Amino acid sequence: RRGLPFFLHAVGDAAVAHSLAELRVNKPSLTKAEWKTYGASLEDALATDHQGLQNSALQLIIAYSDNLKMSSTAVVEVMRLYRDGDTDQIRRLAVVALGQVQSDLAVDYLIRSYQFEKSSSVKKTILAAVNESKSKS
């Protein structure tokens, strides 16, 4: 299994794949309570209008998804970033994050969205994210 970092690299997001790999290698050692606070901060960043904060929050959610429990409100916020994102890059990051947060709602949303997606790179990312999510469950 090659995983999402390989897939991101293969479709032209080598810098993002490298960044995610670095984040995973340098994952902080936090307690459950600290991860909860960390996750809440990421959720706050997702809710801003600042694309840089949203982009960073998505990358951190992807990298540390095994340690984070995202609220349904945050999952819906990531869905909004996928649906309304200004660039394919932010939309694809949102798709990957939706596949990583272990939410049936998120995966069902991606599956339903696939047929309506116009961007071929986003469509490929949806397939990879859904497959990755199903392999984790």
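Predicted model: local features only at pLDDT ≥ 70, side-chain atom pairs only at ≥ 80, totals over all residues.
**Helix 3**

Helix 3 covers residues 32–46.

Five residues of helix 3 are listed as buried: Trp35, Gly39, Leu42, Ala45 and Leu46. Around the axis they cover an arc of only 110°, which means that they sit on the same side of helix 3. An α-helix has 3.6 residues a turn, so residues three or four places apart point the same way. The face of helix 3 turned away from the buried side carries Ala33, Lys36, Thr37 and Asp44, which are exposed. Helix 4 and helix 5 are among the elements that cover the buried residues of helix 3.

**Packing of helix 3 on helix 4**

Two packed helices are described by the angle between their axes and the distance between the axes. For helix 3 and helix 4 (residues 51–63), the axes come within 8 Å and cross at roughly 145°. The crossing of helix 3 past helix 4 is left-handed. Helix 3 contributes Tyr38, Leu42, Ala45 and Leu46 to the contact, while helix 4 contributes Leu53, Gln54, Ala57, Leu58, Leu60 and Ile61. By class, the residues of this contact are nine nonpolar, one polar and no charged. Leu42, Ala45 and Leu46 of helix 3 belong to this contact and are also listed as buried.

Met79 lies in helix 5, which runs over residues 72–84. Glu77 is found in helix 5 as well. The table gives the relative accessible area of each.

| Residue | Relative accessible area | State |
|---|---|---|
| Met79 | 8% | buried |
| Glu77 | 18% | buried |

Glu77 counts as buried because its relative accessible area of 18% is under the 20% cut-off. Leaving aside neighbours within four places in sequence, Glu77 is in contact with Leu46 and Ala47. Leu46 is one of the buried residues of helix 3, and Leu46 also takes part in the contact with helix 4.

Met79, at 8%, is likewise buried because its value is under 20%. Not counting residues up to four places away in sequence, Met79 touches Leu98, Leu105, Ala106 and Tyr109. Met79 and Leu110 are 31 residues apart in sequence, and their C-alpha atoms are 8.7 Å apart in space.

Notes:
Residues numbered from 1 in each chain as written. Heavy atoms only, no water. Helix = DSSP H or I, 4+ residues; strand = E, 2+ residues; numbered from the N terminus. Buried < 20%, exposed > 50% of the residue type's maximum accessible area, 1.4 Å probe, protein only. Contact = heavy atoms within 4.5 Å. Axes fitted to C-alpha atoms, helices over the stretch in contact; angles between N-to-C directions. Left-handed = near helix turned anticlockwise from the far one by under 90°. Nonpolar A, V, L, I, M, F, W, Y, C, P; charged D, E, K, R; others polar. Arc of directions from axis to C-beta.
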